[in-house]
Amino acid sequence: MENCLFCRIVNGEVPSVKVYEDDLVLAFLDLFPINFGHVLVIPKEHHTSAATIPEATAGRMFFVGARIGAAMRHGLEADGFNFHLSDGTTAGQVVMHAHLHIVPRWADDGFHWNWRQLKYESEEKRIELCEKIKARFKLVRDDSELAANNAACDPEYHSPLANDDPAKHGG
Ligand SMILES: [Zn+2]
């Protein structure tokens with residue numbers, strides 16, 4: 001996708017500091033890290049959402065991410081690492097090419113996820129929400145999701161990020 005920053009990184013038009021690359025995925029250092037050494041793992045093929053990434057590539061992303069996490073423990077003396085993926089603008093996705101964040105963590109890094117723990121009003125409500133998800137769950141990729149990804153790859157489609165400052169590409 002010509003206007004996609006990460007596709008341009010994949011095809012070498014935009015330089016990156018690479019950690020790992022194979023036929024399916026590319027891993028490189030995030031330019032504006034949560035912690036120093038923060039890595040992004042992306043599919044080489046353009047996918048706006050993680051939901052359209054083929055299983056082999058999605059599996060490779062997770063596997064490579066976990067191995068990079070292990071390398072952060074050994075190479076950076078990290079105490080642990082976080083996986084993070086923002087899917088959709090509302091979720092905080094900034095670059096519209098799916099990417100998995102691997103964030104090295106240290107006991108004294110001063111970073112905290114803004115986590116919260118809600119409580120379901122009833123067991124019935126909890127089961128109702130589970131049933132709503134299950135009713136639409138399928139392991140086969142959805143045609144409408146694939147169509148949306150194809151639309152985003154349309155050469156007539158101009159990403160608002162195309163000429164954007166990479167400085168803003170955090171999410
Ligand atoms: Zn892309």
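Start by selecting A27 and V41: A27 stands opposite V41 in β3. You're looking at a predicted model, where local features need pLDDT of at least 70, side-chain atom pairs count only at pLDDT 80 or more, and totals for chains, interfaces and linings use all residues. Residues are numbered from 1 along each chain as its sequence is written.

Now show the strands around that pair. β2 and β3 pair in the antiparallel sense over 5 bridges (strands pair if DSSP finds at least two bridges between them; strands are DSSP runs of E, at least two residues, and helices are runs of H or I, at least four, numbered from the N terminus). Next, pick β1, residues 18-21, which pairs with β2, also antiparallel, over 3 bridges. A hairpin of 3 residues joins β1 to β2, and Y20 stands opposite A27.

Colour β2 by burial: 4 of its 5 residues are buried (20 or more other C-beta atoms within 10 Å of a residue's own; 12 or fewer is exposed, in between is partly exposed, with C-beta atoms placed from the backbone).

Back to A27 and V41: they have the most contacts inside the largest nonpolar core, which has 27 residues (a set of buried Ala, Val, Leu, Ile, Met, Phe, Trp, Tyr and Cys residues joined through C-beta atoms within 7 Å). Elements giving two or more residues to this core are α1 (5-10), β2 (25-29), β3 (39-43), α2 (55-75) and β5 (100-105).

What is V41 in contact with, leaving aside neighbours within four places in sequence? Select V25, A27, M61, V64, G65, H99, L100 and I102 (contact: C-beta atoms, placed from the backbone, within 7 Å).

Finally, zoom out: the chain has 4 helices and 5 strands.

How values were computed. Two residues are in contact if their C-beta atoms, placed from the backbone, lie within 7 Å.
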